[in-house]
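Subject: Structure handover

Hi there,

Have a look at it first, then read on.

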Amino acid sequence: MSDPVSLTTDRPGRVATPKPSARGRSHRTNDRRLAVAFIAPALLLLLAMSVFPLLWALYLSFTDYSATRGGTANFVWFGNYTAILTSAQVHLRALTTLVYVIGAVGLQTVLGFSIAYLISRRTHGRGLLTTLFLVPMMLSPVVVGLFWRFMLDAQFGVVNSMLGSLGLEPVEWLTRQRTALISLIVVDTWQWTPFIMLIALAGLTAVPKYLYEAASIDRASEWFRFRTITLPLVWPLLLIAVLFRAIEAFRLFDLVYILTNGGPGVSTETLSFHVYKVAFLGFNTGTASAYGILMVLVVIILTQLYLRYLNKLKED
Amino acid sequence: MRYPKRRGRPARKVQLAAAAMLLLATTVAACGDGKDDDAKASAPKAPATIPELTQDPLTLSFIWFEWPPAKALETFANKEYKKVRPNATIKVNTVPNANWHDAMFTQFAARKTDFDIAILDSQHIGEAVTNGNILDLTDFVKSNIDVGAYNPYLLAAYGQFPQAETGQRDENASLYGLPLLGDTWTMIYRKDLIGDKPPQTWDEMISTAEKCQTDHPGVSGLAFHQANGSDAAAVTYNTVNGVYGGNLWDAKNRKIEGVLNDAAGQEAMSVLVDRMKPLTAKGSGNWFIDEVNAAVAQGKACIAFNWIAASGGLLDPKQSTLGTTREQILGKLGFATLPKQKTDLVPLGGMGMHVSAYSSPANQAEALNFMKWFEQADIQKKWAKAGGVPSRTDAIQSPEFLQAGPFNQVYADSVPRMRDMWNVPEYARLVDIENTNVNAALNGAKKPKDALDNIAKEQQAVLDSSGRKGGGGL
């Protein structure tokens with residue numbers, strides 16, 4: 001019996017092949033070089049545009065560096081992190097962001113899934129309806145912010161004009177503490193509900209029909225079919241959509257900037273908006289870097305917890 | 001079964017190690033760059049005499065925010081400056097007002113600018129000077145500019161650092177800029193609703209607005225800046241603060257707490273929130289220049305306050321519902337200096353020209369030449385005629401200026417009454433604190449007293465935080 005080592009490739013389980021000749025090895029080396037050559041530009045771009053800035057920000061986060069003042073970056077070690085984590089200003093923005101994320105993503109999930117469910121039950125015009133519902137998602141958030149700003153204007157806005165025609169009092173949508181945050185949630189929901197709808201629709205159309213047929217034979221009610229077939233099968237996919245939306249909502253900036261500029265006062269300032277102010281009003285680059293790193297860490301930790309739950313769900 | 005050792009592993013490890021070292025080296029190199037900047041941490045000096053100018057085609061770029069004077073400057077400069085420098089083209093780049101500071105200072109931070117002349121607000125000078133972003137023009141001004149032709153405070157406000165005391169100029173201090181556009185608030189009032197004679201005191205102005213609002217349903221008594229972006233709400237509070245005898249700070253001792261929120265400051269905040277705000281339109285808590293102008297043009301306000309340089313559009317029949325001709329509109333709109341109360345102070349607006357330290361030598365020379373040309377008496381008068389607000393006393397008093405707009409006399413009368421905000425490197429943060437808190441008070445998110453106490457406390461913390469280790473800017 002020959003030596004099994006010489007007959008195996010570096011991948012166990014594959015059919016053993018004879019050791020390649022010198023010419024074959026040369027081909028493989030060339031292929032490898034070619035592969036490296038192909039991926040090198042993308043890899044370098046990734047290193048230059050993502051990895052290096054991240055490491056650079058990490059380094060700056062331990063310093064008191066200011067981009068405009070220049071000069072030496074003095075190490076303050078965890079000084080920036082401690083200041084951020086103990087700052088009442090940051091706690092306030094974190095609470096605002098939390099309320100916003102829960103409000104916006106919760107509303108989008110309920111609406112998005114409901115619309116997807118209704119569309120999935122239609123046989124005619126499904127494609128057209130889906131396309132129409134997707135339009136808001138395709139617009140730039142700045143454009144969306146600008147036209148909603150006009151629509152929600154207390155004096156000249158179309159929303160208050162409609163309320164007026166119904167005999168209702170005009171509402172100060174963007175300049176009152178309670179309504180300003182609600183307005184942000186409504187505008188974000190208007191734009192991003194289609195995203196949840198799209199993912200939910202993909203999940204709904206993938207549910208095997210025979211399950212429903214079997215349930216029909218058993219005379220299962222509509223609600224029973226929804227609860228025991230539709231929801232459990234679509235749930236994991238829906239959770240992924242919620243994860244994406246939650247991450248997006250967590251770093252909301254553009255809508256706040258255009259619609260309320262964080263006001264009234266700072267009542268709609270999210271964490272991202274606050275980072276912007278720290279970074280560009282006082283050019284406290286070190287603090288802003290630490291702030292950004294902490295936000296990335298929060299997203300990573302929450303995503304990990306979320307993915308674990310998702311995996312557990314799959315295993316179950 | 002035995003498996004052969006993977007050949008790829010060591011090679012991959014070497015590659016990973018090499019990549020890590022490359023990143024580390026790049027990071028260290030970048031850190032080193034920061035050290036190099038240390039040597040440049042003060043404003044470089046402009047030459048006393050203008051260097052030889054290029055004869056090649058050249059574009060002299062400005063940066064400003066988007067508003068009518070920006071367009072007026074580009075048109076005026078290209079028409080007039082080309083007569084003396086045919087190879088030069090003037091380009092005024094504009095950004096939205098809220099991005100103005102960021103647009104300039106992010107480029108300064110990069111030590112590379114796509115503009116040669118930064119049009120800085122007077123309060124930006126401290127930040128730009130301490131960071132070494134603009135040229136020191138002291139020697140250049142001495143040799144090329146007739147400083148006696150200006151009201152000393154205007155020259156100081158748009159160029160001097162450290163900041164001058166209100167109404168004065170320190171002749172020994174350095175100058176970093178020259179006036180481009182003077183400005184202050186004008187009171188705009190509806191002659192057809194409240195009569196030809198404008199209110200003379202702040203209290204009278206409020207009661208007149210109150211009566212007008214009651215007598216004319218659908219028209220609000222007042223319209224003024226309340227937004228929390230830029231310096232909108234802050235300027236409004238500072239104006240009322242000044243009129244009611246308050247002070248923004250004790251500049252000598254860098255003290256804000258106990259000064260801003262003293263009895264006069266509290267009275268001013270109470271007047272603004274409790275007496276003036278109820279006379280404004282519902283939902284006007286985010287109004288700035290354009291919204292106030294729109295309210296006036298649509299006949300929705302009895303009395304309004306706005307910057308003079310932004311008021312030209314009010315007389316345009318295409319933008320107004322008050323008349324089909326300029327004369328008809330002027331029959332209804334009056335412009336007056338701000339009413340007095342305990343003092344006669346008015347806010348100083350406007351901006352100066354400042355040469356970027358990162359511009360090319362040829363463009364810096366052209367920028368200096370442009371500034372020398374622009375500050376001449378006859379050019380200032382032409383600028384006034386073209387819609388600009390000059391700073392030279394002879395131009396301010398000239399018929400070209402006084403007859404160019406009904407609000408120009410207001411500016412001429414207001415010059416001796418002007419007061420500026422703080423001109424310190426921490427300006428951007430100070431104004432943000434004041435803006436957000438005044439805006440919160442105006443929109444019911446904070447009680448007026450709490451808002452003012454918060455402003456004083458937070459601004460004081462900013463001024464006191466220079467030696468703090470970590471967490472600056474929160």
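To begin with burial, 33% of the 316 residues of chain A count as buried. Please keep in mind that this is a predicted model.

On overall dimensions, the radius of gyration of chain A is 27 Å, whereas a compact globule of 316 residues would have one near 20 Å. Taken along the principal axes, the box filled by the C-alpha atoms of chain A is roughly 95 × 75 × 30 Å.

As for secondary structure, chain A has 13 helices and 0 strands, so its pattern along the sequence reads α-α-α-α-α-α-α-α-α-α-α-α-α. Among the contacts in chain A with a separation of 6 or more, 70% are between residues 24 or more positions apart.

One helix pair I looked at in detail is H10 (residues 222-250) and H13 (residues 285-315), both of chain A. Their axes lie 11 Å apart and the packing angle is about 175°. Because angles over 145 degrees count as such, H10(A) is roughly antiparallel to H13(A).

Which residues in H10(A) and H13(A) meet? From H10(A) they are Pro236(A), Leu239(A), Leu243(A), Ile247(A) and Phe250(A). Their partners in H13(A) are Val299(A), Thr303(A), Tyr306(A), Leu310(A), Leu313(A) and Lys314(A). Sorted by class, this contact of H10(A) with H13(A) holds 9 nonpolar residues, 1 polar and 1 charged.

Best wishes

How values were computed:
Residues are numbered from 1 along each chain as its sequence is written. Chains are lettered from A and ligands numbered from 1 in the order in which they are written. This is a predicted model: local features need pLDDT of at least 70, side-chain atom pairs count only at pLDDT 80 or more; totals for chains, interfaces and linings use all residues. Axes are lines fitted to C-alpha atoms, for helices over the stretch in contact, and angles run from 0 to 180 degrees between N-to-C directions. Helices (H or I, at least four residues) and strands (E, at least two) are DSSP runs, numbered from the N terminus. Angles under 35 degrees count as roughly parallel, over 145 as roughly antiparallel, 65 to 115 as roughly perpendicular and the rest as oblique. Two residues are in contact if their C-beta atoms, placed from the backbone, lie within 7 Å. Ala, Val, Leu, Ile, Met, Phe, Trp, Tyr, Cys and Pro count as nonpolar, Asp, Glu, Lys and Arg as charged, and the others, Gly among them, as polar. The radius of gyration is taken over C-alpha atoms; the globule rule is 2.2 Å times the number of residues to the power 0.38. A residue is buried if 20 or more other C-beta atoms lie within 10 Å of its own, exposed if 12 or fewer, and partly exposed in between; C-beta atoms are placed from the backbone.
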